[in-house]
Amino acid sequence: VNCILLQDRLKKLKSEHGKVQLGNITVDMVLGGMRGMTGMLWETSLLDPEEGIRFRGLSIPECQKVLPAAVKDGEPLPEGLLWLLLTGKVPTKEQVDALSKELLSRSTVPGYVYKAIDALPVTAHPMTQFTTGVMALQVDSEFQKAYNKGMPKTKFWEPTYEDCLNLISRLPQVASYVYRRIFKDGKAIAADNTLDYAANFSHMLGFDDPKMLELMRLYITIHTDHEGGNVSAHTGHLVGSALSDPYLSFAAALNGLAGPLHGLANQEVLLWIKSVMEETGSNITTDQLKEYVWKTLKSGKVVPGYGHGVLRNTDPRYSCQREFALKYLPEDPLFQLVSKLYEVVPPILTELGKVKNPWPNVDAHSGVLLNHFGLTEARYYTVLFGVSRSIGIGSQLIWDRALGLPLERPKSVTMEWLENHCKKVAA
Ligand code: NMX
Ligand code: MLT
């Protein structure tokens with residue numbers, strides 16, 4: 001019913017308001033990575049430049065309040081967020097528990113997936129190994145099978161739903177296999193089917209401290225979705241619009257996430273913070289830190305974890321991780337360094353004069369939390385981001401198909417075309 005209501009709403013929007021303008025497209029936008037250009041429909045979340053992300057209308061603090069948790073006053077269970085993104089409704093604890101079980105029942109990974117990963121050198125980047133695993137999972141795509149058999153467009157969402165749920169449920173197994181292969185001599189840890197999604201993932205990685213389980217629940221919840229224009233979500237949506245199945249779409253999204261200006265920034269942040277410590281020792285002064293930031297900038301690098309394409313304020317995903325650190329690890333020296341950076345970096349980026357947002361984003365904080373609980377291998381961090389992002393991209397992909405969204409194909413032009421057009425406008 002929900003689905004039909006939404007299809008009707010979309011039809012009405014198109015027929016009654018299809019020609020309403022949403023803004024002007026300028027040359028700056030075309031040359032500037034389409035910043036500020038509204039160009040796609042994304043139902044699961046919406047980003048406000050000042051306030052940050054809302055998942056189906058709920059801010060992160062609101063999600064922390066209303067979504068079911070594993071422990072009293074604990075962090076939300078990501079299964080609850082998946083339910084919220086899929087349905088637009090806040091689930092009960094019983095519904096979340098049922099979804100946990102449903103995901104578990106789908107989580108068996110075929111042996112050839114591990115063989116595909118094993119074919120890569122162990123030195124391959126964890127994101128390369130992870131994406132290879134996702135591509136191998138594609139062999140089981142229900143969407144591809146159904147499409148090859150032939151089905152009406154109105155049915156596309158059904159095998160997409162099956163694929164997305166299977167994909168989400170299998171990723172922790174694949175991701176933990178990659179981690180244990182690279183960093184723990186290939187000694188895999190079996191799933192504990194009594195645990196929720198994030199806790200089980202943490203367990204398979206080798207971390208059972210209850211605080212780490214809470215961190216993983218928070219981590220997986222907040223990285224799920226960041227409206228549709230970010231590189232990974234947009235890529236998943238674009239590739240999915242060609243009716244590539246969810247595995248193909250999500251593998252493409254992961255390749256975007258693996259870029260240093262996007263998800264790989266979480267790796268870069270921890271490596272950068274550790275290199276500050278190595279160079280200056282742990283009693284770093286504010287002046288030494290300022291000097292290090294300037295040195296980074298003068299070498300032509302960006303300060304990882306700061307800035308954003310849309311946000312113009314501190315990322316609420318940063319703030320909730322800071323709250324977590326203040327609660328569980330206030331004395332951690334790396335957390336204290338992250339806090340100092342929060343004071344030192346924004347004025348320097350502002351002084352540069354060109355940075356539109358000098359404030360920290362989600363990646364500025366996640367590494368020090370993981371590092372505190374023993375997950376010290378920064379090169380792995382983007383894989384965790386990837387597992388979480390499957391929940392947002394998968395939920396929207398199901399809606400893309402349910403709403404029958406078309407092939408995405410914007411118009412491009414040459415520089416000559418732009419020059420001629422501008423001459424005509426000026427004449
Ligand atoms: N350090 C140094 N320079 C920066 C930074 C930064 N953190 N952020 C922006 N700039 C520069 C940017 O490189 C550009 O310089 P130029 O004109 O010489 O090319 C200028 O400031 C204007 O860029 P903006 O319009 O402010 O930012 P844009 O929307 O183009 O890019 C990011 C957004 C996120 C790519 C950019 O802020 C950045 O490179 N940040 C560091 C990497 C990072 O943390 N990425 C993770 C983002 C979150 N995620 O998970 O995806
Ligand atoms: C994200 O979570 O995708 C990042 O913050 C990047 C973005 O929104 O552009």
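This is a predicted model: local features need pLDDT of at least 70, side-chain atom pairs count only at pLDDT 80 or more; totals for chains, interfaces and linings use all residues.
In the side chain of His 262, an N or O atom is 2.7 Å from an oxygen atom of ligand 1. The side chain of Lys 354 also has an N or O atom 2.7 Å from an oxygen atom of this ligand. His 308 takes part through its backbone, where a polar atom is 3.5 Å from an oxygen atom of ligand 1. On its own, ligand 1 has 890 Å² of accessible area, and the protein covers 76% of this area.

Ligand 2 comes next. The residues around ligand 2 are His 226, Asn 230, His 262, His 308, Arg 317, Phe 385 and Arg 389. By class, this shell is made up of one nonpolar residue, four polar residues and two charged residues. His 308 contributes an N or O atom of its side chain, 2.8 Å from an oxygen atom of ligand 2. Taken alone, ligand 2 exposes 260 Å², of which the protein buries 84%.

His 308 has a backbone contact with ligand 1 and a side-chain contact with ligand 2.

The cavities are a separate matter. The model has two cavities of 30 Å³ or more. The volume of the largest cavity is about 100 Å³. Its lining consists of 13 residues, and Leu 104, Ser 107, Ser 169, Tyr 197 and Asn 200 lie nearest the centre. Helices α5 (93-105), α9 (157-183) and α10 (197-205) are the elements that give two or more residues to this lining. Of these, α10 gives the most, with four residues. The lining of the largest cavity contains seven nonpolar residues, five polar residues and one charged residue.

The second largest cavity holds about 50 Å³ of space. Among the residues that line the second largest cavity are Val 269, Trp 272, Ile 273, Tyr 306 and Leu 341. Both α14 (265-280) and α17 (333-352) supply at least two residues of this lining, and α14 has the largest share, with three residues. The lining has nine nonpolar residues, with no polar and no charged ones.

The last topic is charge pairing. Side chains of opposite charge can pair when their charged atoms come close. Over the whole structure there are 16 salt bridges. One of them joins the side chains of Arg 170 and Asp 140, with an N to O distance of 3.6 Å. Arg 170 belongs to helix α9, whereas Asp 140 is in the loop between α7 (126-137) and α8 (142-149), so this pair ties together parts that are 30 residues apart in sequence.

Notes:
Residues are numbered from 1 along each chain as its sequence is written. Chains are lettered from A and ligands numbered from 1 in the order in which they are written. Side-chain values use heavy atoms; hydrogens and water are left out. A residue is near a molecule or strand if one of its heavy atoms lies within 4 Å of it. A polar contact is a pair of N or O atoms within 3.5 Å; within protein, one must be able to donate a hydrogen and the other to accept it, and residues adjacent in sequence count only if both atoms are side-chain atoms. Accessible areas come from the Shrake-Rupley method with a 1.4 Å probe; for residues, only the protein chains shown count as cover. Ala, Val, Leu, Ile, Met, Phe, Trp, Tyr, Cys and Pro count as nonpolar, Asp, Glu, Lys and Arg as charged, and the others, Gly among them, as polar. On a 1 Å grid over the protein atoms alone, a cavity is a set of points where a 1.4 Å probe fits but cannot get out, and a pocket is an open set with protein on both sides within 12 Å along at least five of seven lines; lining residues have an atom within 4 Å of a point. Grid points are joined across faces, edges and corners, and a volume is the space filled by probe spheres set on the points. A salt bridge is a side-chain nitrogen of Lys or Arg within 4 Å of a carboxyl oxygen of Asp or Glu.
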